[in-house]
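Today I am opening the notebook on pockets. I want to see where they sit and what lines them.

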Amino acid sequence: RADEVMTPAYYAVTLADHGVRVEVTGTARAGILRFTFLRGGDASLLVHANRKTQAAIPGGLARVDAARRAIALSNPVQRIYAGSGKPAGFSGHAVVRAEVPFEGVGTWGGAGVRAGATDRAGEGDVFGGYARFRVRAGQTVVVRAGTSFTSPEAAVRNLEAEIGAAGFDEVRARAESAWEGALGRVRVRGGSRDEREVFYTS
């Protein structure tokens, strides 16, 4: 796609149907996204559990905090290889913060959407929390996310330690430097461009 950019440190794509340009970069345990809205109007931020599409194990929690402009989610991890589908014995946690005031919030799950709700226990094959807000044409909204396999509090600590208040371009530059440091240890000569690309990106 002509409107898509993919590198180890950066991804971007224009979602024309939704009128938004999305950019993503990150660190080992945190990420930052930049949404540029091509037209004004209502917008939504949805954070949902990464669950099996069938036979998801129960548990987890989605929590929306409008005052902190944050959505937190905890989700029990299921095995995908040995003992596929069985509990892995730990959960994944994510805390997502947006640089825009929430005008409306809610949650959803197996029982449907609950507008105005701020807490949702994990149920069914998918669940999560959402926030709604208004944007202007050309407006940029930055969203930061921290993750952890230990606790929601650890996800917040990872976000603060690895991104904090840094802007998107700063985090992208650090990510590109880190990837170049790792991948640049080997320099390849010869072969075709495609072969060198395969070697460099595998």
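How does the lining of the largest pocket divide into nonpolar, polar and charged residues? I found 15 nonpolar, 8 polar and 2 charged, with Ala, Val, Leu, Ile, Met, Phe, Trp, Tyr, Cys and Pro counted as nonpolar, Asp, Glu, Lys and Arg as charged, and the others, Gly among them, as polar.

A note on the source: this is a predicted model, in which local features need pLDDT of at least 70 and side-chain atom pairs count only at pLDDT 80 or more, while totals for chains, interfaces and linings use all residues. Residues are numbered from 1 along each chain as its sequence is written, and side-chain values use heavy atoms, with hydrogens and water left out.

**Largest pocket.** I read off about 670 Å³ of space. A pocket here is an open set of points on a 1 Å grid over the protein atoms alone, where a 1.4 Å probe fits, with protein on both sides within 12 Å along at least five of seven lines; lining residues have an atom within 4 Å of a point. The volume is the space filled by probe spheres set on the points, which are joined across faces, edges and corners. Of the 25 lining residues, H48, A49, N50, L73 and A94 are the closest to the centre. I then checked the strands (DSSP runs of E, at least two residues, numbered from the N terminus): β7 gives the largest share of this lining, 5 residues.

**Second largest pocket.** Its volume is about 330 Å³. Among its 16 lining residues, R63, A72, V95, P152 and V156 lie nearest the centre. I see β7 again as the top contributor, with 5 residues. The lining holds 10 nonpolar, 1 polar and 5 charged residues.

Notes:
Helices (H or I, at least four residues) and strands (E, at least two) are DSSP runs, numbered from the N terminus.
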